[in-house]
Amino acid sequence: MRVRVVVAVMWVGALAGVGCNAHPASAPERAGPLPSVTTTAEEARVVFENRCVPCHGPAGGGNGPAAAVLHPPPRDLRDAAWQATVTDAQIEDIIRRGGAALGKSPFMPANPDLVARPHVVAALRARIRGLR
Ligand code: HEC
C-alpha cells in the first residue's frame, strides 16, 4: 500500500515536470542556440539608437533631438550621483514598464516587446551603466 502511494506521488511529480518543460516562458531559450554576446550587444545598440537616442542623446546626456520639448527633460544618464541612486533592477524596470508606471515622467515610454527579451534589456542596462 505504501509503495503504491510513493509510486503515485512520483507519477504526479513526473507529470508536473513535463508540465514545467512545456512552459512557454522557457521555450524560446531552448528553441535555438543561446544568443551570442555580440548579437545581444548589437541588438541593444540598434534598440538604443532607434528608441532611446531621440530623447536621451547618443551619449545619454539628455540632449537628444526630442529632448527640448520634454518637461522635465531626460536627465544626464552619465551622472555618477544618479547612477549611485538606482539599482540595476530599477533601470531594467523603467525600460520595460516606462516612466508612468513607476511614478516618473510619462514621456519615458514603456517597451512591452522587450519583456520577452531579457537579454536585450540587460544589455541596455549595461550600456547605461557603461556611460558613467
Ligand atoms: C520620448 C522620450 C524618451 C524616450 C524615447 C526614452 N526615454 Fe528614457 N526617459 C525620458 C524621460 C523624460 C525620463 C524621465 C526623466 C529622467 O529621469 O531622466 C526618462 C527616464 C529614463 C530612465 C530613468 C532615469 C531615472 O530618473 O531614474 C532611464 C534608465 C531611461 N529613461 C532609459 C531609456 C532607454 C534605455 C530608452 C530606450 C529604450 C529610453 N529611455 C527612451 C524620455 C525618454
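Two residues count as being in contact if their C-beta atoms, placed from the backbone, lie within 7 Å.

**View 1. The whole protein chain and its contacts.** This is a predicted model, in which local features need pLDDT of at least 70, side-chain atom pairs count only at pLDDT 80 or more, and totals for chains, interfaces and linings use all residues. Residues are numbered from 1 along each chain as its sequence is written. Among contacts between residues at least 6 apart in sequence, 41% join residues at least 24 apart. You will find six helices and zero strands here (DSSP runs, numbered from the N terminus: helices are H or I of at least four residues, strands are E of at least two). Of the 132 residues in the protein chain, 13% are buried (20 or more other C-beta atoms within 10 Å of the residue's own; 12 or fewer is exposed, and in between is partly exposed; C-beta atoms are placed from the backbone).

View 2. Thr39 sits in helix α3, which covers residues 37-56. Because 14 other C-beta atoms lie within 10 Å, Thr39 is partly exposed. Val120 is 81 residues away along the chain, yet the C-alpha atoms of Thr39 and Val120 are separated by 9.5 Å.

**View 3. The shell around the ligand.** The ligand is surrounded by 24 residues, the closest being Cys52, Cys55, Arg75, Ser105 and Met108 (a residue is near if its C-beta atom, placed from the backbone, lies within 6 Å of the molecule). Two or more residues come from each of α3, α5 (88-97) and α6 (118-129). Helix α3 gives the most, with six residues.
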